[in-house]
Amino acid sequence: MPFMRSLLLTTGLCITAASASAQAVTCGQDYIVQPGDYLSTIADRAYGGTGNFNLIYSANVDTIGPNPGLIDVGDRLFIPCLTGDLGQSAANAAAIRNTQTTAALPGPSENRPIRVLTATGWAPFMDEDQEQGGLLTEIINLALENADGKPEYQIDFINDDGAHLNPLIVDHAYDISIGWSQPNCDIMDKLEDESQFRCNNLDFSEPMYEEVLGYYGLASLPTFTEHASLRGKRICRAEAFTLAPLEGVDLVEPAISVVRAPTAADCINFILENKADIALVAVDVADGRINELNAGDQVQMHEALTFVDVLHAVIAKTHPQNEVILATVNNGLNNIKESGLWFATVRRHMTAFRALNQ
């Protein structure tokens with residue numbers, strides 16, 4: 001991703017090496033992966049804490065590949081800076097409306113704006129209290145604003161996100177909903193009902209964001225390096241969140257017990273309160289709650305198990321404008337990634353969120 005060097009060439013030593021034998025990590029420059037490195041240890045030496053390793057992953061996803069827990073010795077990684085000018089949002093905030101109803105809306109036509117659904121309560125990704133409605137809301141806003149042909153569009157907050165896919169998307173009241181994982185539809189016999197529904201009814205955009213999920217447990221317990229070691233465990237996942245990451249590694253009931261918490265962050269509380277053995281939570285969200293509870297010495301992340309949950313925009317397979325709208329979204333996403341606007345937006349949101357939760 002060479003564009004990042006022009007965007008993020010604010011350099012300076014972020015922190016000295018953790019030990020005399022460790023290579024110093026300088027933000028704004030490349031770092032060569034050494035034996036024993038994890039992204040979290042690199043982030044700790046770069047920023048003085050492990051939490052921002054997902055930002056390093058976002059900056060180097062093409063090099064690292066789909067598993068941030070497996071980086072190769074000799075890989076050259078660009079280390080973005082958290083200081084310096086983070087820039088301003090380039091998104092059109094006027095495109096975001098606050099709609100309070102989930103009542104039936106007019107059906108799709110070629111003449112209406114593209115209707116996009118977002119929701120709140122999932123900071124930093126989608127939240128009305130976040131700038132531009134959160135990272136994913138801003139990304140879809142920028143993608144449509146920068147798509148070839150300049151389509152008309154509007155973005156609505158409808159906070160009954162359980163109604164987004166069914167009925168609002170499958171009945172074509174809205175065209176696009178954002179922030180959804182794509183299950184592995186090649187293992188339908190292992191998928192829960194919701195995952196099967198997504199496979200059968202939705203088409204998925206190009207990736208909007210690669211969210212890094214961590215498996216968290218008590219620091220007093222052994223560190224796990226294989227998913228099979230989690231069999232027999234109680235694994236916490238937020239209510240309404242997909243189990244696709246677990247299904248993909250054959251961690252399904254009854255081999256495990258799924259524990260549902262009100263929010264993803266609450267899963268961290270659950271492992272501290274012995275309501276669950278493992279919490280499967282986005283790294284950003286987990287670190288925010290761990291810092292809030294001052295529980296850094298009580299909780300560990302099993303980094304070898306980290307999972308990239310690719311978040312997409314979705315549209316109904318039966319939508320009469322399916323191909324046109326999906327092509328428009330994909331075109332816009334590619335445009336903002338190639339221009340550097342995508343990563344500049346990721347960096348600004350993630351840095352701001354981290355600052356609020358330290």
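Which residues does Thr-328 touch, not counting residues up to four places away in sequence?

## Thr-328 and its neighbours

Thr-328 touches Ile-114, Leu-144, Ala-147 and Pro-151, with residues up to four places away in sequence not counted. Contact means heavy atoms within 4.5 Å. Thr-328 has its place in helix H11, residues 322-339. Helices (H or I, at least four residues) and strands (E, at least two) are DSSP runs, numbered from the N terminus. Thr-328 counts as buried because its relative accessibility is 16%. Buried means under 20% relative accessible area, exposed over 50%, and partly exposed in between (1.4 Å probe, protein chains only).

## Basis of the model

This is a predicted model, in which local features need pLDDT of at least 70 and side-chain atom pairs count only at pLDDT 80 or more, while totals for chains, interfaces and linings use all residues. Residues are numbered from 1 along each chain as its sequence is written, and side-chain values use heavy atoms, with hydrogens and water left out.

## Disulfides

A disulfide is a pair of cysteine sulfur atoms within 2.5 Å. By this rule there are three disulfides. If the bonded cysteines of the protein chain are numbered in sequence order, the pairing reads 1-2, 3-4, 5-6.

Cys-27 and Cys-81 form a disulfide with their sulfur atoms 2.3 Å apart. This pair links distant parts of the chain, 54 residues apart: Cys-27 lies in strand S2 (residues 25-27), and Cys-81 in the loop between strand S4 (76-78) and strand S5 (96-98). The link of Cys-27 and Cys-81 is right-handed, with 90° about the S-S bond. Cys-27 is buried, at a relative accessible area of 2%, and Cys-81 is buried at 1% relative accessibility.

Another disulfide joins Cys-185 to Cys-199, with 2.0 Å from S to S. The two residues are 14 residues apart, Cys-185 in the loop between strand S8 (176-181) and helix H7 (193-201), and Cys-199 in helix H7. The link of Cys-185 and Cys-199 is left-handed, with -95° about the S-S bond. Cys-185 is partly exposed, with a relative accessible area of 30%, whereas Cys-199 counts as buried at 11% relative accessibility.

In the disulfide of Cys-236 and Cys-267, the sulfur atoms are 2.1 Å apart. Cys-236 is in strand S11 (residues 234-238) and Cys-267 in helix H9 (residues 266-272), 31 residues apart. The link of Cys-236 and Cys-267 is left-handed, with -75° about the S-S bond. Both Cys-236 and Cys-267 are buried.

## Helices H10 and H12

Helix H10 (residues 283-293) and helix H12 (residues 341-356) pack at an angle of about 20°, with their axes 9 Å apart. Axes are lines fitted to C-alpha atoms, for helices over the stretch in contact, and angles run from 0 to 180 degrees between N-to-C directions. H10 is therefore roughly parallel to H12, a term for angles under 35 degrees.

In this contact, Val-283, Asp-284, Val-285, Asp-287, Gly-288 and Asn-291 of H10 meet Met-350, Phe-353 and Arg-354 of H12. The contact residues divide into four nonpolar, two polar and three charged. Ala, Val, Leu, Ile, Met, Phe, Trp, Tyr, Cys and Pro count as nonpolar, Asp, Glu, Lys and Arg as charged, and the others, Gly among them, as polar.

## Helix H6

The buried residues of helix H6 (residues 162-169) are Ala-163, His-164, Leu-165, Leu-168 and Ile-169. These buried residues pack against strand S6 (114-118), S8, H7, strand S9 (202-204) and strand S15 (307-316).

Methods
Angles under 35 degrees count as roughly parallel, over 145 as roughly antiparallel, 65 to 115 as roughly perpendicular and the rest as oblique.
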